[in-house]
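Welcome! Let us walk through this structure together, one question at a time.

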Amino acid sequence: MNAAAAFLDQDHVDLAARVAVWTEEALRCRMDGDDEQARREARALVASLGAAGWYEAITRQDLRSLCVIREAIAGASPLADAVVALQALSLTPILLAGTARQRDQWIPELASGRAMGGFVITEPEAGSDVAAMQTTARREGTEWVIDGEKHLISNAGIADLYVVFAVTSVGRGSRGMSAFLVPAATAGLRFAGSQAMAAPHPLGRLVFEACRVPAEALLGDPNRGFKLAMTTLDRVRPSVGAAACGMAGRALREAVQHARSRHQFGQPLGDLQLVRA
């Protein structure tokens, strides 16, 4: 028995075939373009991916199906795959720690693609060292007041809902962080500009200036945000590897096609050994 057979059953094989057909029809002719075009395209993609039902694996926490879906989509469009990844990162913490009201309000919106999510944790001085986070949230009566800056945030400026991580107990490091659900229209939340990368991907900066959210915006228990973030990332990470396989497969197919094309027109292949794609 090979590794894939041990990991996947026939339902997953059938799912991969359905996603492949959909990507050929829905993604083949789409263009990512520059940063602004990529932002518009990502907004369009979040709806079309939701209408196709590809977020359902996230809501069911069916991680094997999510891997199959991301492998197929990433091979067709890295931007579309990024949209799926961010919906997973936004839905998963709500599924894990959301109240009944939070789940009822946001899961149908995110799972259908009517709303786009963002996972807001990285800061200029806190990347892989999350414990260095400087964004704070303090309780004032029936509200939380968030202050700070985040950067390299996927879907910044185009998301409808952000899952935001902030320090609620200063000096406690990773044991003093909490998570909040912050709608994009919340007063005090400002999109501070895009951060364009080599590949089309909607990244940007978010600034929180006395950003007030109600007490019920707290996601999960106070000071347990770090654990929620890491659990979310642990659940989504296997699908990152699957997406990488999809992109690698696409690269191999295009390389072989290019080599065969050169050979067809009489150009030498040198020492290149063609392999079956």
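Q: Is Arg-64 buried, exposed or partly exposed, and what is its relative accessibility?
A: Buried means under 20% relative accessible area, exposed means over 50%, and partly exposed is in between, with a 1.4 Å probe and protein chains only. The model is predicted: local features need pLDDT of at least 70, side-chain atom pairs count only at pLDDT 80 or more, and totals for chains, interfaces and linings use all residues. Residues are numbered from 1 along each chain as its sequence is written, and side-chain values use heavy atoms, with hydrogens and water left out. Arg-64 therefore counts as partly exposed, at 34%.

Q: Which helix holds Arg-64?
A: Helices (H or I, at least four residues) and strands (E, at least two) are DSSP runs, numbered from the N terminus. Arg-64 sits within residues 63–76, and that run is helix H5.

Q: Which residues does Arg-64 touch, leaving out those up to four places away in sequence?
A: Contact means heavy atoms within 4.5 Å. Phe-7 is 57 residues from Arg-64 in sequence, while their C-alpha atoms are 7.8 Å apart in space. With residues up to four places away not counted, Arg-64 touches Phe-7, Leu-8, Asp-9 and His-12.

Q: Is Phe-119 buried or exposed, and what is its relative accessible area?
A: Phe-119 lies in strand E1, residues 117–120. Not counting residues up to four places away in sequence, Phe-119 touches several residues, including Leu-86, Ile-153, Phe-165 and Leu-233. Phe-119 is buried, with a relative accessible area of 9%.

Q: How far apart in space are Phe-119 and His-258, C-alpha to C-alpha?
A: In sequence, Phe-119 and His-258 are 139 residues apart. In space, the distance between their C-alpha atoms is 38 Å.

Q: Which residues touch the most other members of the largest nonpolar core?
A: A nonpolar core is a set of buried Ala, Val, Leu, Ile, Met, Phe, Trp, Tyr and Cys residues joined through side-chain atoms within 4.5 Å. The largest one has 71 residues, and the members touching the most others are Leu-49, Ile-73 and Phe-180.

Q: What percentage of the residues in the protein is buried?
A: The protein has eight helices and eight strands. Of its 277 residues, the buried ones make up 44%.
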